[in-house]
Amino acid sequence: MQDLCTKSSPKICAVVLCAGKGLRANLGYNKVLHSFSNESVALKSIKKFLRFDEVIVVCDEDTREVLSCSLPYDNVRFVGGGMTRTDSVKNALKSIKDCDIVTIHDGARPFVTEQIIEQSVRSALTYGSGVVAYQSTDALKKVTDGKTQSVDRSDYYIVQTPQSFDFKKLVDAYSRNSGVYADDSEVYDRAGYEVHISPGSRDNVKLTTPSDFLGLNGAYRVGYGFDVHAFCENRILVLCGKTIDYPLGLLGHSDADAPVHAVMDALLSACSLPDIGVLFPDTDPRFEGADSMKLLEKVMQKITDYEIINASVCIITQKPKIAPHVSDMRKNLAIALNVDINDVNVSATTTEHLGITGEGKGLASSAMVLIRKK
Ligand code: MG
């Protein structure tokens, strides 16, 4: 098989569409500039096509400014977008002097694979077109004027991109159609050319709505924290901001609220930030006797890029009994973490009289949090 990676005949041009407003994503900026795993959606999409002779990125001026500094490649150039997808593709096609195959891709489909692209382009070389599509796994109904009709889903395909075409035929198709179309295969089809399907994948998703962006790599993060303090006399016992009537308190530079310390370290760890030993060192007199709930406020101010999904706290101690205080502890943490009380839980356990906590020498706490990038 001919190696499509070589920049020789046939000449193949890629068009990557990044001019949409992406309003349905509700991000407040062009969705293709959304970054995950340290790279924008648009860059991930564009880079899949760099092996071709020319890559034309269609976008507005602002998007061009952002993208151009990350694309120092001789074969990449930019073209202004139009009012509609159809106009954007026309702009790109007009800018191409000559090529054999043009492959057109949505900039918002960053998960397209080399194999999908390869098969699409090869289909265009063989049949004149290679439109990526896959069969629906859901049942389909045709509804006309409120009348529902069952259809055979094996007759229907979900159409994606890339869509690859014989360049001259696609230019001819666009020259003979003046409306606004959903995609290039519709223009090609309406001009009387045969649309050939090339295998797609459900994973080749077009990022469109807010939920499409939630599960992206890096959007969710977990964090774990752990802390131990020794019991001592003449100290007040404070756990999760609740003062507890007990003859002993916990020894520490601050109020020694171990479960809150564990929660803070879990949050900081989830964000890959330095822990509370670094942020609030016990050598700093400002934190002597500090209210740990106030320190938690400071931690929350450091992680404003994230929202907390839930927090799970475990207090490990032989005494005192924690159960009567769990409700107040959850309330305090829910307010501090800005979540519903059902998204914070505090559990307690003993260690069956074993070890430091079992012998009543100290109290330990662990915490896990799940956070999500806003
Ligand atoms: Mg501590």
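What follows is a short chat about a predicted model and the reasons behind some of its labels.

Reader: Let's start with the overall picture. What makes up the protein?

Author: There are 12 helices and 18 strands, and the chain is divided into domain 1 (2–213) and domain 2 (219–373). The centres of those two domains, taken over C-alpha atoms, are 50 Å apart.

Reader: How do you know how the protein compares with a compact globule of 374 residues?

Author: By its radius of gyration. A compact globule with 374 residues would come out near 21 Å, but the protein has 29 Å. For the outline, picture the C-alpha atoms filling a box of roughly 90 × 55 × 40 Å along the principal axes.

Reader: And what about burial, surface and contacts?

Author: Of the 374 residues, 47% count as buried. The accessible surface is about 19,100 Å², with 50% of that belonging to carbon and sulfur atoms. As for contacts between residues at least 6 apart in sequence, 69% of them join residues at least 24 apart.

Reader: How many disulfides does a search of the whole structure find?

Author: The search finds 0. Take C18: the nearest cysteine sulfur belongs to C59 and is 6.2 Å away. A disulfide needs the two sulfurs within 2.5 Å, so C18 is in no disulfide.

Reader: Are C18 and C232 buried or exposed?

Author: Buried means under 20% relative accessible area. C18 has 1%, so it is buried. C232 has 16%, so it counts as buried too.

Reader: Where does M368 lie, and what is it in contact with?

Author: M368 lies in strand 18. Leaving aside its neighbours within four places in sequence, M368 is in contact with G223, Y224, A266, N310, A311 and S312. M368 and M264 are 104 residues apart in sequence, yet their C-alpha atoms are 9.9 Å apart in space.

Reader: What makes strand 12 and strand 18 a pair?

Author: Two strands pair if there are at least two bridges between them. Strand 12 (residues 220–232) and strand 18 (residues 362–373) have 11, so they pair, and they run antiparallel. One place to look is G225, which stands opposite A367 in strand 18.

Reader: How do you know that strand 12 and strand 15 pair as well?

Author: Strand 12 and strand 15 (residues 249–250) share 2 bridges, which meets the cut-off of at least two, so they count as paired, in the antiparallel sense. C232 takes part here: its bridge partner in strand 15 is G249.

Reader: What joins strand 16 to strand 18?

Author: Strand 16 (residues 306–316) pairs with strand 18 over 10 bridges, in the antiparallel sense. Here I316 stands opposite A364 in strand 18.

Reader: In what order do the 5 strands of the open sheet stand?

Author: The order is 15-12-18-16-17, and the pairing is mixed.

Reader: Why are strand 15 and strand 17 said to stand at the edges?

Author: Strand 15 and strand 17 (344–349) each have a single partner strand, so one side of each is left without a neighbour in the sheet.

Conventions. Residues are numbered from 1 along each chain as its sequence is written. This is a predicted model: local features need pLDDT of at least 70, side-chain atom pairs count only at pLDDT 80 or more; totals for chains, interfaces and linings use all residues. Side-chain values use heavy atoms; hydrogens and water are left out. Buried means under 20% relative accessible area, exposed over 50%, partly exposed in between (1.4 Å probe, protein chains only). Domain bounds come from an automatic or database domain assignment. Helices (H or I, at least four residues) and strands (E, at least two) are DSSP runs, numbered from the N terminus. The radius of gyration is taken over C-alpha atoms; the globule rule is 2.2 Å times the number of residues to the power 0.38. Contact means heavy atoms within 4.5 Å. Accessible areas come from the Shrake-Rupley method with a 1.4 Å probe; for residues, only the protein chains shown count as cover.
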